[in-house]
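Welcome! Take a moment to turn the model around on your screen. Then let us walk through it together, starting from a single residue.

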Amino acid sequence: RFTRVLSTEFDAIHICVARRHLDAARLATTAEVWPGHVPWITPRYVEQFGWCGVGFTFMDHKGTRFHQDFDDCRACCLWGPTSRLLCDNVLKPGAPEHLWRHHRSVVSDAA
């Protein structure tokens with residue numbers, strides 16, 4: 001099975017730097033950087049990978065958006081039953097709300 005790495009970046013400079021590193025490492029055929037903000041780009045993930053088509057998500061940004069991005073991804077049905085989610089910067093404000101929502105969704109999915 002072919003695995004593809006996809007990153008979404010909002011800052012244009014981060015996009016350019018990330019793409020340059022991928023080109024230098026000759027990984028541009030297996031990894032890609034999409035410009036955008038999660039609420040705007042989430043529907044494109046569904047178009048590209050289908051329902052429950054994302055197996056792993058790494059959120060690395062301000063903790064104040066985790067719960068909102070989680071809700072956006074969940075509303076679009078990006079994750080399947082075996083998908084995994086990893087968040088960085090979890091000591092930021094908003095991360096406790098994300099953890100509470102994530103825990104509630106896992107409990108409700110199991111019921």
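## A cysteine on the inside

Cys73 counts as buried, because its relative accessibility is 5% and the cut-off for buried is under 20%. Please keep in mind that this is a predicted model.

What about sulfur bridges? A disulfide is a covalent bond between the sulfur atoms of two cysteines. The structure holds zero disulfides. Cys73 is in no disulfide, and the nearest cysteine sulfur, from Cys76, lies 7.3 Å away. Cys77 is in no disulfide either; its nearest cysteine sulfur is that of Cys52, at 6.0 Å. Cys77 counts as partly exposed, with 33% relative accessibility.

| Residue | Relative accessibility | Class |
|---|---|---|
| Cys73 | 5% | buried |
| Thr57 | 14% | buried |
| Cys77 | 33% | partly exposed |

In soluble globular proteins, nonpolar side chains tend to be buried together. The largest nonpolar core here has 14 residues, and Cys73 is among those with the most contacts inside it, along with Tyr45, Met59, Leu78 and Trp79. At least two residues of this core come from each of helix H2 (38-49), S3, helix H3 (66-75) and strand S4 (79-87). Which element gives the largest share of this core? The answer is H2, with four residues.

Setting aside neighbours within four places in sequence, Trp79 is in contact with Cys52, Val54, Thr57, Met59, Phe70, Cys73, Arg74 and Leu85.

Is Thr57 buried or exposed? Thr57 counts as buried, because its relative accessibility is 14%. The side chains of Thr57 and Trp79 are joined by a polar contact of 2.7 Å. Beyond the neighbours within four places in sequence, Thr57 is in contact with Trp79, Arg84, Leu85 and Leu86.

Finally, step back to the whole protein. There are four helices and four strands, and along the sequence they follow the pattern β-α-β-α-β-α-β-α. Of the 111 residues, 28% count as buried. Among contacts with a separation of 6 or more, 73% are between residues 24 or more positions apart. The accessible surface comes to about 7900 Å², and 60% of it belongs to carbon and sulfur atoms.

Key. Residues numbered from 1 in each chain as written. Predicted model: local features only at pLDDT ≥ 70, side-chain atom pairs only at ≥ 80, totals over all residues. Heavy atoms only, no water. Buried < 20%, exposed > 50% of the residue type's maximum accessible area, 1.4 Å probe, protein only. Contact = heavy atoms within 4.5 Å. Areas by Shrake-Rupley, 256 points an atom, 1.4 Å probe, with all protein chains shown as cover. Polar contact = N/O pair within 3.5 Å; in protein donor to acceptor, adjacent residues only side chain to side chain. Disulfide = S-S within 2.5 Å. Core = buried A, V, L, I, M, F, W, Y, C linked by side-chain atoms within 4.5 Å.
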